[in-house]
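Take a moment to turn the model around before reading on. We'll walk through it piece by piece.

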Amino acid sequence: MSQDPYEGLCMSGIAMTSALEGMGGFKAKALAILKENGVEDFQSDKAYPFFMWANTLHAIAKEVGSFTIYNVGRKIPETAIWPSEINDIHAAEASINVAYKMNISGENPKADVGGYQHVKLSENSCRVICDNPLPCDLDQGIIEGIAEKFATPGQILKVVHEEGSCRKNQGRSCSYLVSWYDL
Ligand SMILES: [Zn+2]
């Protein structure tokens, strides 16, 4: 593991648990990778080094493949509990960043953990720009899972990774276009 650019920052075990639960049949493999990265006995009420967790997610993504890690992301919003004021896709997509920041503890003024920037494009479309150090496919799954959760019945939903920068190709960020419409 290279030097930790996020020294002092930790990820909440609760957030890690929701990702691990989303692994389904791959959970044992995910826990094994976590163990390789130094977490012998994972406990959801603890917090763990943010950099270690980011590396673990990338190692899991490499192991299980992009489609599986995308599906893990899609499952994460299913079990999450949402404040009642969040009741549409725009509000829900905007809340990812708040949840992300809330799950990171500790202090390091030099570290930039990035985030999830929601830009409303129209009543029925938005862009989410991710410049956090987590896997692209996982984020696309999360963004799609949230849109699915808050779409009204019968709505058609589309999430596409915009062309250009992608973190998979050492890009600084990934941008996803979310759009939805009624049949
Ligand atoms: Zn990407």
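## A walk through the fold

Let's start with a pair across two strands: serine 125 sits opposite serine 179 in β7. Strand names like this one come from DSSP runs (E, at least two residues), just as helices are runs of H or I with at least four residues, and both are numbered from the N terminus. What you're looking at is a predicted model, where local features need pLDDT of at least 70 and side-chain atom pairs count only at pLDDT 80 or more, while totals for chains, interfaces and linings use all residues. Residue numbers start from 1 along each chain as its sequence is written.

Now for the sheet around that pair. It is an open sheet of 4 strands in the order β4-β5-β7-β6, with antiparallel pairing; two strands pair if DSSP finds at least two bridges between them. At the edges are β4 and β6, each pairing on one side only. On average, neighbouring strands here are turned by 20° against each other, direction ignored. Such angles run from 0 to 180 degrees between N-to-C directions, with axes being lines fitted to C-alpha atoms, for helices over the stretch in contact. Helix α5 packs on this sheet, where α5 touches β4, β5 and β7, and its direction makes about 165° with that of β4. Touching, or contact, is taken to be C-beta atoms within 7 Å, with those atoms placed from the backbone.

Follow β5 next. With β4 (residues 116-122), β5 pairs in the antiparallel sense over 6 bridges, and the two make a hairpin with 2 residues between them.

The largest nonpolar core has 39 residues, and Val128, Leu138, Ile143, Ile146 and Val178 have the most contacts inside it. A core of this kind is a set of buried Ala, Val, Leu, Ile, Met, Phe, Trp, Tyr and Cys residues joined through C-beta atoms within 7 Å. Several elements supply at least two residues each, including α1 (13-22), α3 (50-64), β5 (125-130) and β7 (174-182). The biggest giver is α6, with 7 residues. In soluble globular proteins, nonpolar side chains tend to be buried together.

Beyond its neighbours within four places in sequence, leucine 138 is in contact with Leu57, Ala61, Ile69, Tyr70, Val72 and Gly73. The buried residues of α4 include Ile69, Tyr70, Val72 and Gly73, and among the elements covering the buried residues of α4 are α1, α3 and α6.

Helix α6 also meets α5. The two pack at an angle of about 145°, with their axes 9 Å apart. On the α5 side the contact is made by Ile89, Ala92, Glu93 and Ile96, and on the α6 side by Ile142, Ile143, Ile146, Ala147, Lys149 and Phe150. Sorted by class, that contact has 8 nonpolar, no polar and 2 charged residues; Ala, Val, Leu, Ile, Met, Phe, Trp, Tyr, Cys and Pro count as nonpolar, Asp, Glu, Lys and Arg as charged, and the others, Gly among them, as polar.

There is another sheet to find. This open sheet has 3 strands in the order β2-β1-β3, paired antiparallel. Both β2 (47-49) and β3 (104-105) stand at the edges with a single partner strand, so one side of each has no neighbour in the sheet. Strand β1 (residues 10-12) pairs with β3 over 2 bridges, and cysteine 10 has serine 105 of β3 as its bridge partner. Lying across β1, β2 and β3 is α3, which runs at about 80° to β2.

Finish with a loop. Glutamine 170 lies between β6 (155-161) and β7, and has a positive phi of about 65° although it is not a glycine. Why is glutamine 170 counted as exposed? Because glutamine 170 has 7 C-beta neighbours inside 10 Å.

Methods
Buried ≥ 20, exposed ≤ 12 C-beta atoms within 10 Å, placed from the backbone. Contact = placed C-beta atoms within 7 Å.
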